[in-house]
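Student: I have a model open and would like to talk through how it is put together. Can we go over it step by step?

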Amino acid sequence: MGYDIRLKQKVIFEPPIFGGKTLHQFHGFTSVNDHINLGRTALASSVEEFSMPNGLWGELRNKSSLARQFVDATIGTDVEPGWSGFLTIEIIFHGSKPLTLPAGCPIAKVVFHEIKEKTLYQGKYQNQENEPVPVRKE
């Protein structure tokens with residue numbers, strides 16, 4: 001069984017132009033709610049808040065419509081048994097043309113897997129806030 005998750009923030013991928021060179025020669029710029037970063041990746045959060053039962057694990061899968069536009073939203077994010085909060089989703093863009101992902105658009109599908117032994121997530125990302133969360137070094 002799966003469930004589509006949506007982006008909370010608008011994400012814009014813009015290819016740069018430096019001295020007439022574009023796209024394949026340089027990294028692009030990414031804007032998440034008007035905050036611009038170098039690179040072809042962005043962090044965004046899900047609209048949906050999760051409270052996973054101890055017997056389920058969620059795996060992110062790409063939406064085919066976005067995969068055809070060279071968007072990958074499956075790297076490094078899954079939903080552990082017993083975890084709660086808003087997902088921080090790493091989005092990687094491999095395309096060469098500008099792309100805007102509007103707030104509210106479906107970004108990935110969570111596929112739920114029942115696990116045999118119940119467990120409880122107690123890591124540093126428990127009760128994640130309603131915004132993208134940077135790496136926590138604890």
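This is a predicted model: local features need pLDDT of at least 70, side-chain atom pairs count only at pLDDT 80 or more; totals for chains, interfaces and linings use all residues.

Student: What about contacts, how much comes from residues 24 or more positions apart?

Tutor: Among contacts with a separation of 6 or more, residues 24 or more positions apart account for 71%.

Student: Let's go to the strands. Which strand does β1 pair with over five bridges?

Tutor: Strand β1, residues 2–6, pairs with strand β13, residues 106–114, in the antiparallel sense over five bridges. Within that pairing, Arg6 has Pro106 as its bridge partner in β13.

Student: Where does β8 come in, and how many bridges join it to β13?

Tutor: Strand β8, residues 56–62, is joined to β13 by seven bridges, and these two strands run antiparallel. Opposite Arg61 stands Lys109 in β13.

Student: Switching to charges, how many salt bridges does a search of the whole structure find?

Tutor: The search finds three salt bridges. One of them brings together the side chains of Lys63 and Asp4, at 2.9 Å from N to O. Lys63 lies in the loop between β8 and α1 (64–67) while Asp4 is in strand β1, so the pair ties together parts that are 59 residues apart in sequence.

Student: Are those two buried or partly exposed?

Tutor: Lys63 has a relative accessible area of 19% and is therefore buried, the cut-off being under 20%. Asp4, with a relative accessible area of 30%, is partly exposed.

Student: OK, and what does Glu48 form a salt bridge with?

Tutor: Glu48 forms a salt bridge with Arg6, and the closest N and O atoms are 2.6 Å apart. Because Glu48 lies in strand β7, residues 41–51, and Arg6 in strand β1, the pair ties together parts that are 42 residues apart in sequence. Glu48 is buried, with a relative accessible area of 8%, whereas Arg6 counts as partly exposed at 34% relative accessibility.

Student: Which side chain does Arg61 meet in a salt bridge?

Tutor: The side chain of Arg61 meets that of Glu59 in a salt bridge, at 3.2 Å from N to O. Arg61 counts as partly exposed at 40% relative accessibility, and Glu59 also counts as partly exposed, at 24%.

Student: Last topic, the serine. In which strand is Ser46 found?

Tutor: Ser46 is found in strand β7, and at 0% relative accessibility this residue counts as buried.

Student: What does the side chain of Ser46 reach?

Tutor: The Ser46 side chain reaches the backbone oxygen of Glu48 at 2.7 Å, and Glu48 is the residue that forms the salt bridge with Arg6.

Student: And which residues does Ser46 touch, not counting those up to four places away in sequence?

Tutor: With those sequence neighbours set aside, Ser46 touches Arg6, Lys8, Phe86, Leu87, Ile89 and Asn130.

Technical notes
Residues are numbered from 1 along each chain as its sequence is written. Side-chain values use heavy atoms; hydrogens and water are left out. Two strands pair if DSSP finds at least two bridges between them. Helices (H or I, at least four residues) and strands (E, at least two) are DSSP runs, numbered from the N terminus. A salt bridge is a side-chain nitrogen of Lys or Arg within 4 Å of a carboxyl oxygen of Asp or Glu. Buried means under 20% relative accessible area, exposed over 50%, partly exposed in between (1.4 Å probe, protein chains only). Contact means heavy atoms within 4.5 Å. A polar contact is a pair of N or O atoms within 3.5 Å; within protein, one must be able to donate a hydrogen and the other to accept it, and residues adjacent in sequence count only if both atoms are side-chain atoms.
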